[in-house]
Amino acid sequence: MEGQPVRAADVMGFLAPRLPGDRMSVLRFAALAFALAVLPAGAQTIKLGELNSYKVFPSFLEPYKNGMTLALDEINAAGGVLGRKLEIVIRDDNGTPGDAVRVAEELLSREKVTMLMGTFASNVGLAVADLARQRKVPFLASEPLTDKIVWDNGNKYTYRLRASTFMQTAMLVPEAAKLGKKRWVIIYPNYEYGQSATAAFKKQLNAMQSGGLEFIEIAVPLGKIDPGPVVQAALDAKPDAIFSSLFGPDLARFVREGQLRGLFKDRVVFNLLGGEPEYLDPLKDEAPVGWYVTGYPWDSIATPEHKKFKDAYMARFNDYPRLGSVVGYSAVVAAAAAIRKAGSTDPEKIVAALSGLSFTSPFGPVTFRPIDHQSTMGAYVGRTAVKDGKGTMVDWKYADGKDYQPEDSVVRSMRPPER
């Protein structure tokens, strides 16, 4: 009857008298698939297309996936969004822009996802952001930190969740300027994120500390650091201080070699991301002491939002959260909030809803700034220490992202018109 949903039982009831028994098992599945395909929209799930470098960066992205799972369970248990369950369709992008664009196209064309989200490496995030612009679909970039994704290459369809390289650098530079060090060695992974972090550090320190600054740059291939020559080059430069944006296995190898050769003795070290448990935990009691870092002191944050998240996460996974857990959880909560605010799965309405959207993360309230689509999610800033045989953060504070952005006029000069 017109306007009424077709049920699998109705289809089977029609087919059964007409089919030999040995064909029924094959057609049973076909009938069910047909019935599901014509179900009214309200009975179908809303699909989020998530792509990320799970095999390349497992230390961050396995906890990230757990965080997504927790948020998805909570949202669906509460009734879903717009009366429908959420579903996350996950693909691995292998950490390369080409593969990322390919799987993003698959998510859009084959899986019919409502929006794209995810990515880790900055160059991968930029590639997917450009695809989102071309395909006119919302893309919530959860993890890539490059400034270009919201400024130089910013577009109408892309929003970014985590604090950018500019923001996290701005959280550290005031302490660096207070120390008055003149000769800096900068060690960074030689791709978009590391290059962006290096440029931000030099620009911001020059603006805050007048005269006589020297920067010696040492670029290393991502994931392939040869720590001996890198540490020796840093020693040969005789720096007053070190700024690093290394992370993951590269950071661990650099720390061990640097400690062995005395690179850090009587030298100040600043490291973006160096306080994240993903990168501190593998070092155990070899973790550096006294470094200035951004990170996540998960075991000592006592805010109501974080306690609720931490308790639920530990109950669900019998493990403590990492920063990736917070990012994955927050990305799904933000996506659900955008669809709820839009009142629709229409891409243009979701993009409009993301502008100025506010939601509550484990770090507290977060808003997506209309001017550049950057969220105000902040980061924890402090110093590294070793406690009970493992690395941790001490003397930390939460740096709210809204306080670490350039003036609006500067943002407008860097970001192209909406396209």
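Q: Is the crossing in which α8 passes α9 right-handed or left-handed?
A: Start with the model itself: it is predicted. In it, α8 passes α9 in a right-handed crossing.

Q: At roughly what angle do the axes of helix α8 and helix α9 cross?
A: Read the angle together with the separation of the axes. For α8 (residues 227-237) and α9 (residues 248-261), the crossing is at roughly 55°, and the axes come within 9 Å. The class follows from a cut-off: 65 to 115 degrees counts as roughly perpendicular.

Q: Which residues make the contact of α8 with α9?
A: From α8 come Pro227, Gly228, Val230, Val231, Gln232 and Leu235. From α9 come Arg253, Phe254, Glu257, Gly258 and Arg261. Then sort by class: five are nonpolar, three polar and three charged.

Q: How far apart are the axes of helix α4 and helix α5, and at what angle do they pack?
A: Helix α4 covers residues 97-109 and helix α5 residues 122-135. Their axes are 9 Å apart, and the packing angle is about 40°. The crossing of α4 past α5 is right-handed. On the α4 side, the contact residues are Pro97, Ala100, Val101, Ala104, Glu105, Leu108 and Ser109. On the α5 side they are Asn123, Val124, Ala127, Val128, Leu131 and Arg135. By class, this contact has nine nonpolar, two polar and two charged residues.

Q: At what angle do α12 and α13 pack?
A: About 110°, with the axes 8 Å apart; α12 spans residues 323-342 and α13 residues 347-354. Because 65 to 115 degrees counts as roughly perpendicular, α12 is roughly perpendicular to α13. The crossing of these two helices is right-handed. Ala338, Ile339, Lys341 and Ala342 of α12 meet Lys349, Ile350, Ala353 and Leu354 of α13. Six of these residues are nonpolar and two are charged, with no polar residue.

Q: Now the sheets. In what order do the five strands of the open sheet run?
A: Read order and pairing first. The order is β2-β1-β3-β4-β5, and the pairing is parallel. Then look for the edges. Those are β2 (86-92) and β5 (158-160); each has a single partner strand, so one side of each has no neighbour in the sheet. Next comes the twist, which averages 25° from one strand to the next.

Q: Which strands do helix α3 and α12 lie across?
A: List the strands, then the angle. Helix α3 (residues 58-77) lies across β1, β2 and β3, at about 165° to β2. Helix α12 lies across β1, β2, β3 and β4 (139-141), at about 160° to β3.

Q: What is the strand order in the open sheet of seven strands?
A: The order is β7-β6-β8-β9-β10-β13-β14, and here the pairing is mixed. The edges are β7 (214-220) and β14 (390-399), each with a single partner strand, so one side of each is left without a neighbour in the sheet. The twist averages 25° from one strand to the next.

Q: Which residue in β9 is the bridge partner of Ile242?
A: Begin with the strand pair. β8 (residues 241-244) and β9 (residues 268-275) run parallel and are joined by four bridges. Within that pairing, Ile242 has Val269 as its partner. A helix packs on this sheet too: α7 (residues 192-208) touches β6 (183-189), β7, β8 and β9. The direction of α7 makes about 160° with that of β6.

Q: What is the mean pLDDT of the protein chain?
A: The mean is 91, and 89% of the residues reach 70 or more. Residues 1-19 have pLDDT below 50; this stretch has 17 contacts in the model beyond near neighbours in sequence. Residues 35-42 are also below 50, with 11 such contacts.

How values were computed:
Residues are numbered from 1 along each chain as its sequence is written. This is a predicted model: local features need pLDDT of at least 70, side-chain atom pairs count only at pLDDT 80 or more; totals for chains, interfaces and linings use all residues. Side-chain values use heavy atoms; hydrogens and water are left out. Axes are lines fitted to C-alpha atoms, for helices over the stretch in contact, and angles run from 0 to 180 degrees between N-to-C directions. Angles under 35 degrees count as roughly parallel, over 145 as roughly antiparallel, 65 to 115 as roughly perpendicular and the rest as oblique. A crossing is left-handed if the near helix is turned anticlockwise from the far one by less than a right angle, and right-handed if clockwise. Contact means heavy atoms within 4.5 Å. Ala, Val, Leu, Ile, Met, Phe, Trp, Tyr, Cys and Pro count as nonpolar, Asp, Glu, Lys and Arg as charged, and the others, Gly among them, as polar. Two strands pair if DSSP finds at least two bridges between them. pLDDT is the predictor's confidence in each residue, from 0 to 100.
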